[in-house]
Amino acid sequence: MNKSAAAIWTDLASLPQPTLLELFSAERDGGEGTDEPGGAERVVMLSGRIELAGDTAEDLMAPGGILFDWSKTHLDRAVLAKFAELAEAMDFAGQRRKLFAGEVVNPTEGRAADHATLRGVGDAAKVEEAAALIDRMGMLVEAIHQGTLGEIEHLIHIGIGGSALGPALGVDALSRDFARCDVHVVSNIDGVALEAAFAKCDPAKTLIAVASKTFTTIETMTNAQSALKWLADNGVSDPGGRVVALTANPEGAVEWGVDETRILPFQESVGGRYSIWSSIGFPIAMAVGMDDFREMLAGAAAVDAHFRDAEVAENLVLRAAFADLYYTRVRGCQTRAVFAYDERLGLFPNYLQQLEMESNGKRVTADMQPVDGPTAPVTWGGVGTDAQHAVFQLLHQGTHLIPVDFIASIAPGDALDPAHHRILLMNCFAQGAALMAGKKGEDPARNYPGDRPSATILCDDLDAATLGALIAFHEHRTFANAVLMGINPFDQFGVELGKQMAKAIEQGGDEFDASTEGLLKAATLG
Ligand code: F6P
């Protein structure tokens with residue numbers, strides 16, 4: 001009989017814990033008892049590539065891929081073997097099959113999680129339905145680019161959470177050189193955010209995208225009303241004619257007043273934080289064009305295929321999840337950090353925060369039992385090299401052990417002196433090496449303990465396909481983490497209570513605690 005997950009966690013906790021440098025000399029340098037080659041070929045054991053290029057002539061002209069190097073982590077053969085047992089005990093293969101077959105993987109809401117179908121992967125009927133939705137979006141994008149809604153130069157995209165973070169990341173990462181449309185993503189209900197967008201747009205040439213899966217979110221609907229008023233106040237005769245709705249609730253959008261021809265629906269079974277691939281990605285397509293948007297989907301599909309088909313031992317996504325869980329549950333790490341050594345990925349840590357923390361910040365299992373250990377760590381991060389001069393002191397010498405992911409591109413994003421990109425990459429690699437090796441200092445203040453883990457995700461280039469692949473990698477990493485912990489990553493009931501209480505406060509009448517009553521009085525809302 002298979003060992004229980006609890007017994008495997010106990011085994012994992014009692015395994016010897018060699019340091020990273022010990023692992024390098026014993027396993028990763030081709031040392032005794034391994035079949036790995038040594039010398040320059042070291043560390044092959046925990047690094048691998050996912051190729052993004054397909055086999056069409058066009059793809060072969062621009063091959064590309066991503067190297068995932070997990071060799072500076074404490075995953076050794078014994079730890080990996082235990083995680084393989086855990087994957088078996090938690091029926092990882094069965095859950096993964098269900099995900100791609102479009103079966104229910106979100107039991108509390110009785111839903112499938114169909115985001116991969118938008119990338120052409122999964123159940124054939126659902127893939128066909130998804131392709132029709134993407135085609136519909138493509139037609140509208142092309143029509144707008146050709147001027148059917150008049151001269152459109154600006155797009156104010158209004159949405160929040162999953163309806164904003166993906167669009168903001170995609171637009172920022174992919175349209176720095178050239179944008180077919182000037183896109184502003186506004187999420188916060190704080191009117192300062194919307195006013196900032198207004199200040200940069202000419203109302204006569206502005207389109208408003210209202211992005212909300214439910215089409216009920218108070219921040220989004222309030223901002224959308226104010227955007228319509230701004231158009232009207234500034235002489236636009238038919239403000240409603242400038243609105244595009246991106247939603248899984250098309251009836252709600254019609255009721256709100258959006259014309260059906262400008263509603264781009266997506267499936268209810270696509271979660272908000274997994275919706276960048278759907279019509280929620282409309283602003284990305286507006287900024288970079290539909291061809292690049294489709295490239296983004298294709299890059300994600302390459303990762304889908306790897307995650308779906310690779311065996312446990314070779315599965316790079318699963319390996320990342322093993323490391324995540326090892327640090328969270330065996331080494332007690334409460335946070336994990338992600339540093340993009342690429343200005344274009346500056347919003348990537350923000351995006352990951354919702355993906356990982358809203359998905360896996362849970363305290364009960366999918367079958368309603370208390371979890372048997374900590375769940376999602378706090379995800380945080382920033383951009384290198386800036387972060388080195390701000391927070392890396394703590395990573396090197398602080399008392400917390402924080403696993404770090406570095407993300408970088410071999411090809412530069414700039415056309416300046418190549419020194420810029422060389423220094424950027426060298427710094428990225430140096431940080432991982434320094435965290436691992438540490439250094440004996442002449443006094444304790446100058447001592448670097450080392451043995452601090454990191455992973456490096458190295459892209460050949462950062463383009464639409466790579467961005468799609470990076471996001472899909474993290475979606476599946478999040479799913480794999482959830483399966484191995486036995487939790488449901490696709491619901492988010494935790495965000496509801498605060499929303500309900502905000503509504504109660506707004507509507508008045510309810511009594512709150514003395515502190516909250518005091519704050520209401522101070523702000524004269526009570
Ligand atoms: O508050 C959480 C949340 O439900 C997220 O999961 C979601 O991405 C966001 O709100 C926005 O929801 P909607 O797209 O329905 O406006």
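At what angle do helix 12 (residues 290-309) and helix 17 (residues 464-485) pack, and how far apart are their axes?

## Packing of helices 12 and 17

In this predicted model, helix 12, which covers residues 290-309, packs against helix 17, residues 464-485, at an angle of about 40 degrees, and the two axes are 7 Å apart. That angle makes helix 12 oblique to helix 17, since angles under 35 degrees would count as roughly parallel. The crossing in which helix 12 passes helix 17 is right-handed.

## Surroundings of the ligand

The ligand has 14 residues around it, and those that come nearest are Gly161, Gly162, Ser212, Thr217 and Gly272. By residue class, the shell around the ligand divides into 9 polar, 3 charged and 2 nonpolar residues.

## Annotated active-site positions

An unreviewed UniProt entry places the feature "active site" at Glu358, His389 and Lys499. These positions span 142 residues in sequence, and the farthest two of their C-alpha atoms are 37.3 Å apart, so the annotated residues do not all gather at one spot.

Two of these positions can be described through their local setting. His389 belongs to the loop that runs between strand 9 (378-383) and helix 15 (392-397), and His389 counts as exposed because it has 9 C-beta neighbours inside 10 Å, where the cut-off for exposure is 12 or fewer. Lys499, by contrast in its setting, is placed in helix 18, residues 496-507; Lys499 is likewise exposed, with 11 other C-beta atoms within 10 Å.

Is Ser409 buried or exposed? Ser409 is placed in strand 10, which comprises residues 404-409, and because 23 other C-beta atoms lie within 10 Å, Ser409 is buried, the threshold for that class being 20 or more.

Ser14 lies in helix 1, residues 5-14, and Ser14 is exposed, with 9 other C-beta atoms within 10 Å. Between Ser14 and Leu352 the separation is 338 residues in sequence and 31 Å in space, taken from C-alpha to C-alpha.

Technical notes. Residues numbered from 1 in each chain as written. Predicted model: local features only at pLDDT ≥ 70, side-chain atom pairs only at ≥ 80, totals over all residues. Near = placed C-beta within 6 Å. Nonpolar A, V, L, I, M, F, W, Y, C, P; charged D, E, K, R; others polar. UniProt positions renumbered as here; feature names shortened; annotations may be inferred. Helix = DSSP H or I, 4+ residues; strand = E, 2+ residues; numbered from the N terminus. Axes fitted to C-alpha atoms, helices over the stretch in contact; angles between N-to-C directions. Parallel < 35°, antiparallel > 145°, perpendicular 65-115°, else oblique. Left-handed = near helix turned anticlockwise from the far one by under 90°.
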